[in-house]
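Keep the structure in view while reading.

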Amino acid sequence: MLTIRRVQEAPQFDLFAFSNCLRACWEATLGAMGLSVLDWLLLGFFASHIPITILIDSQAVFPRSVYPQGATDLVDWYAHEFHDPYMEAGRPIQWWFTSFVVCELLFQFPLFFAAVYGIYTEATWIKIPGIIYGAHVSTTVIAIIAEVLFKEFEPTHGPQTLSERLTLTAVYMPYLLFPFLFMVKCIYLDDTPRKLKSQ
């Protein structure tokens with residue numbers, strides 16, 4: 001009598017199907033709130049920029065005595081670690097950079113709150129302010145990155161090697177990328193009133 005043995009095949013893991021499942025779950029989670037991945041990234045960028053502006057960036061304008069010790073220590077560590085000549089304590093004032101920070105405090109800082117609310121609620125009124133903000137910030141950060149990459153800094157101030165220049169450029173790059181993406185998003189934002197859409 002012959003005995004037939006069934007050979008069970010080992011279950012195979014379909015990486016492609018698994019990745020599609022993860023993507024579908026991710027999109028469903030985001031879609032439940034009506035926000036895209038880019039929207040969530042922009043929300044994180046603008047929300048995080050609020051404390052950064054208050055505690056970090058504004059030190060380029062106001063006296064260090066008005067800040068908590070932890071904030072000044074963090075800026076000192078950052079300026080030393082990343083060779084940022086614009087945030088060094090006791091550095092000679094560079095009025096062009098200081099003027100950029102003043103614009104950040106007067107114009108950009110209020111818009112951070114508006115952007116968080118506008119993106120989260122999918123408001124259409126953010127279109128024009130977003131375009132203006134994105135164009136302004138992208139232009140200023142390009143100027144900063146160009147100087148970081150090509151200026152000959154003093155030996156004790158600023159990046160010296162190519163690696164140091166690229167590292168500092170990488171620090172500033174998100175502040176070019178996210179405003180630019182926000183500007184492009186706002187350019188293509190459909191601001192047609194909902195009543196007209198329904199007709």
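The first thing to look at is what lines the largest pocket: its residues divide into 19 nonpolar, four polar and three charged. The model is a predicted one, and the volume of this pocket comes to about 530 Å³. There are 26 lining residues, and Ile52, Asp57, Glu104, Tyr172 and Tyr175 are the closest to the pocket centre. Two or more lining residues come from each of helix 2 (37-55), helix 3 (69-82), helix 4 (95-120), helix 5 (127-150), helix 6 (162-172) and helix 7 (174-187). The largest share belongs to helix 5, which gives six residues.

Read from the N terminus, the order of elements is α-α-α-α-α-α-α-α. The chain has 199 residues, and 32% of them count as buried. Among contacts between residues at least 6 apart in sequence, 70% join residues at least 24 apart.

The nonpolar core comes next. The largest one has 32 residues, and those with the most contacts inside it are Phe46, Tyr86, Met87, Phe97, Tyr133, Tyr172 and Phe182. At least two residues of this core come from each of helix 2, helix 3, helix 4, helix 5, helix 6 and helix 7. Tyr172, which is among the core residues with the most contacts, is also listed among the residues closest to the centre of the largest pocket.

Which residues does Phe46 touch, not counting residues up to four places away in sequence? They are Leu111, Phe112, Ala115, Val116, Ile119, Tyr133 and Phe182. Phe46 counts as buried because its relative accessible area is 0%, and the cut-off for buried is under 20%.

The structure holds 17 aromatic pairs. One of them joins Phe45 and Phe46, with 5.2 Å from centre to centre and 70 degrees between the planes, an edge-to-face arrangement. Phe45, at 8% relative accessibility, is buried. Another pair is Tyr133 with Phe182: the ring centres are 6.2 Å apart and the planes stand at 70 degrees, so this pair is edge-to-face. Planes over 60 degrees apart count as edge-to-face. Tyr133 belongs to helix 5 and Phe182 to helix 7, so the pair ties together parts that are 49 residues apart in sequence. Tyr133 is buried at 0% relative accessibility, and Phe182 is buried at 0% as well. Ring pairs link Phe45, Phe46, Phe109, Phe112, Phe113, Tyr133, Tyr175, Phe178 and Phe182 into a cluster.

His49 is located in helix 2. Is His49 buried or exposed? It is buried, with a relative accessible area of 4%. Apart from neighbours within four places in sequence, the contacts of His49 are Asp57, Glu104, Phe112 and Tyr175. Among these partners, Asp57, Glu104 and Tyr175 are listed with the residues closest to the centre of the largest pocket, while Phe112 and Tyr175 belong to the ring cluster.

The second largest pocket holds about 200 Å³ of space. Its lining has 15 residues, with Gln59, Ala60, Val61, Phe62 and Arg91 nearest the centre. By type, the lining divides into nine nonpolar, three polar and three charged residues. Ala60 sits in the loop between helix 2 and helix 3. At 9% relative accessibility, Ala60 is buried. Leaving aside neighbours within four places in sequence, Ala60 contacts Met87, Arg91, Phe97, Thr98 and Val101. Of these, Met87 and Phe97 are among the core residues with the most contacts, and Arg91 is one of the residues nearest the centre of the second largest pocket.

Two loop residues remain, each with a backbone angle worth checking. His83, in the loop between helix 3 and helix 4, has a positive phi of about 55 degrees although it is not a glycine. At 27% relative accessibility, His83 is partly exposed. Glu122, in the loop between helix 4 and helix 5, has a positive phi near 55 degrees and is likewise a residue other than glycine. Glu122 is partly exposed, with 45% relative accessibility.

Key: Residues numbered from 1 in each chain as written. Predicted model: local features only at pLDDT ≥ 70, side-chain atom pairs only at ≥ 80, totals over all residues. Heavy atoms only, no water. 1 Å grid on protein atoms, 1.4 Å probe; cavity = no way out; pocket = protein on both sides within 12 Å on 5 of 7 lines; lining within 4 Å. Points joined across faces, edges and corners; volume = space filled by probe spheres on them. Helix = DSSP H or I, 4+ residues; strand = E, 2+ residues; numbered from the N terminus. Nonpolar A, V, L, I, M, F, W, Y, C, P; charged D, E, K, R; others polar. Phe/Tyr/Trp six-rings, centres within 6.5 Å; stacked < 30°, edge-to-face > 60°. Buried < 20%, exposed > 50% of the residue type's maximum accessible area, 1.4 Å probe, protein only. Core = buried A, V, L, I, M, F, W, Y, C linked by side-chain atoms within 4.5 Å. Contact = heavy atoms within 4.5 Å.
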